[in-house]
Amino acid sequence: MRGGFKREDSSALSWPIVFRLATALLPLLFSACATMNPPQPPSLELPEAPHDLRATRKGNSVILQWTLPTNTTDRQTLRSLGATQICRSVDPTMKECGTPVGEAPPTSAFTSSSKSKTSSRRRTKSSGKKIAGTYVDDLPSQLQGSNLFGSATYAVEVLNANGRGAGISNLVQVPLTPTLAPPPDFSGHVQNQGVVLTWSVSEQVRRPDARISYVYRVYRRAENAQTSTLVGEVAASQPGNLSLLDSNIEWEQSYYYRANSTTIVTEESKPEIRIEGQDTPELKIFTHDTFPPAVPTGLQGVFSGPGQQAFVDLVWAPVTDADLAGYNVYRHEPGGAPIRLNAELVRAPAYRDNDVIEGKEYVYSVSAVDVRGNESARSEEASEKVP
């Protein structure tokens with residue numbers, strides 16, 4: 001200090017300014033502290049247990065289907081999955097898997113990734129698709145033979161990448177009654193009424209118990225179709241030969257047929273159980289129509305002419321074939337060759353011949369024609385003399 005002049009430090013803030021800054025920052029500091037959560041423990045990545053397990057039996061095979069989980073038991077998004085254990089028991093209840101009878105491998109939709117949970121969760125939500133798990137279990141013949149009217153109980157347990165799971169799924173049951181093998185000689189051929197399917201029944205069809213019976217079911221699939229239609233079923237109790245007519249077809253089409261034996265279990269006070277056996281290989285049949293309609297019958301001829309132009313009226317019983325297109329009318333004189341009278345098919349079972357000459361005898365016959373041009377044999381002849 002010189003000459004009474006006091007020098008102040010220009011780098012320091014004045015107290016009023018510091019006070020105002022502190023007052024403004026304190027609410028922000030306390031607000032930030034209030035939103036902080038305690039640290040969360042790391043997720044064990046245990047997949048939720050499926051709750052929609054379904055089972056379908058076909059012959060000795062049990063087809064299992066379920067939806068793979070997308071979340072963990074602590075509601076985190078799964079980043080990867082391990083295998084799924086297949087659990088089977090003859091007891092109606094099951095609390096844990098025990099020794100699995102099979103294992104479904106991990107699906108490629110869940111693979112280990114170095115990406116963060118956030119990116120994994122975003123990827124799962126964007127796809128929005130449910131991923132199905134499937135497995136086919138083959139029932140041992142010994143298990144079926146020793147549990148003729150019993151059931152197999154199934155569950156699945158989905159594991160994480162470390163081989164740990166959160167427990168089994170819902171339980172489903174399938175009957176264990178044995179089914180018959182498909183007929184080895186299933187065949188078919190086309191006839192005028194449709195497709196005839198034939199096969200033989202072996203000694204296996206003899207019933208092991210009065211509560212068990214068998215029917216053979218035949219299915220048809222049109223070419224390029226994905227689904228099949230049940231044509232019909234035939235009961236079988238003794239060895240022998242069976243057949244079934246499929247008349248509900250369209251001509252000039254390709255069809256695929258298959259057959260199986262269905263086991264029916266009927267127990268008192270219980271719903272009927274039907275178990276389809278394995279199918280035969282598909283049999284392709286082309287319904288080429290080379291079959292003419294039925295031959296017309298009841299042909300009669302009546303002459304009319306006095307006082308007017310002479311003519312002969314012909315009538316006959318109508319042919320009832322569904323694919324009938326019309327009729328042809330033939331005429332000849334005794335000893336001559338038949339000649340067709342109509343230029344176009346006659347639609348009704350009647351025809352008038354106006355081209356007749358007095359004093360001559362005419363012999364008539366008719367045939368039926370279908371929509372594909374197949375013509376029947378000619379009917380019995382009817383003769384009429386013009387006076």
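Ser379 sits in the loop between β21 (361-370) and β22 (382-385). This is a predicted model. In it, Ser379 counts as buried, at 8% relative accessibility. The protein has three helices and 22 strands. One disulfide is present.

**Around Ser379**
- Ser365 is 14 residues away from Ser379 in sequence. In space, the two C-alpha atoms are 5.4 Å apart.
- Which residues does Ser379 contact, leaving aside its neighbours within four places in sequence? They are Val295, Pro296, Leu299, Ser365 and Val366.
- Ser379 is buried because its 8% relative accessibility falls under the 20% cut-off.

**The disulfide**
- Cys87 and Cys97 form the disulfide, with their sulfur atoms 2.1 Å apart.
- Cys87 lies in strand β3 (residues 84-89). Cys97 lies in the loop between β3 and β4 (102-104). The pair therefore ties together parts that are ten residues apart in sequence.
- A disulfide is a covalent bond between the sulfur atoms of two cysteines.
- Is the disulfide of Cys87 and Cys97 left-handed or right-handed? The torsion about its S-S bond is about -105°, so the disulfide is left-handed.
- Cys87 and Cys97 are both buried.

- Most residues other than glycine have a negative phi.
- Glu252 has a positive phi, near 60°, and is not a glycine. Its place is the loop between β12 (240-246) and β13 (254-265).
- Glu252 is partly exposed, because its relative accessible area is 30%, a value between the 20% and 50% cut-offs.
- Ser269 also has a positive phi, about 65°, without being a glycine. Ser269 belongs to the loop between β13 and β14 (273-276).
- Buried or exposed: which is Ser269? Ser269 counts as exposed, because its relative accessibility is 77%, over the 50% cut-off.

**The protein as a whole**
- The protein has 387 residues, and buried residues make up 37% of them.
- Among contacts with a separation of 6 or more, 67% join residues 24 or more positions apart.

How values were computed
Residues are numbered from 1 along each chain as its sequence is written. This is a predicted model: local features need pLDDT of at least 70, side-chain atom pairs count only at pLDDT 80 or more; totals for chains, interfaces and linings use all residues. Side-chain values use heavy atoms; hydrogens and water are left out. A disulfide is a pair of cysteine sulfur atoms within 2.5 Å. Helices (H or I, at least four residues) and strands (E, at least two) are DSSP runs, numbered from the N terminus. Buried means under 20% relative accessible area, exposed over 50%, partly exposed in between (1.4 Å probe, protein chains only). Contact means heavy atoms within 4.5 Å.
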